[in-house]
Amino acid sequence: MSNYKLIELKICGDKKGSLIPIEPGVNLPFKIKRVYYIFDTKKGVERGFHAHFNLKQLVISVKGSCDFIIDNGEKRESIKLNKPNKGLYLDGVLWREMKNFSSDCVLIVLANELYSKDDYIKDYKKFLKIVKN
Ligand code: T46
């Protein structure tokens, strides 16, 4: 069963500026095995267009913005990621597409598994078959 939701991350600020801690079991529902970030996405480029068999992730736009489209096989939703305290939690088989990147957009992604090519579903029809079964 797939699931996604927005997680509002608490900003811990002081007079020096802002800071957001992310801690498994506190404000993150999984243990982190991998962190990657996406930046310098070229103008007009769209990313994603795949689902995962088994992966939990938290995606945050720490700078700039993009539209993150999620499709669970029944409905599609577009979520604007544009704040460092807005995390998009993804769990399970969800088709994702990322569009309209601002030139300064930096997405940081925390994941509960190491990178595996075999965990990707890149064919939309195959994705639909999996989620409808
Ligand atoms: C996702 C969205 C939000 C690696 O070598 N290690 C990694 O951990 C990752 C994520 C990617 N790569 C390589 C594979 C490709 O040659 O980096 C290149 C770009 O990866 P990809 O085309 O998968 O990037 P996106 O932006 O389409 O998707 C990524 C993640 O792959 C995906 O899991 O949910 O960001």
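Strands here are DSSP runs of E at least two residues long, numbered from the N terminus, and a pocket's lining residues are those with an atom within 4 Å of one of its points. With that in hand, β5 turns out to give the most to the lining of the second largest pocket, at four residues. Bear in mind that this is a predicted model.

**Largest pocket**
- The space in this one comes to about 300 Å³.
- Its lining is made up of 14 residues, and Met1, Ser2, Asn72, Val93 and Val131 sit nearest the centre.
- Two elements, β1 (3-8) and α1 (124-132), each put two or more residues into that lining.
- Of the elements, α1 is the top contributor, with three residues.

**Second largest pocket**
- Its volume is about 190 Å³.
- You'll find 13 residues lining this pocket, with Tyr36, Ile38, His50, Met98 and Tyr120 nearest its centre.
- As for class, the lining of the second largest pocket has seven nonpolar, four polar and two charged residues.

Methods
Residues numbered from 1 in each chain as written. Predicted model: local features only at pLDDT ≥ 70, side-chain atom pairs only at ≥ 80, totals over all residues. Heavy atoms only, no water. 1 Å grid on protein atoms, 1.4 Å probe; cavity = no way out; pocket = protein on both sides within 12 Å on 5 of 7 lines; lining within 4 Å. Points joined across faces, edges and corners; volume = space filled by probe spheres on them. Nonpolar A, V, L, I, M, F, W, Y, C, P; charged D, E, K, R; others polar.
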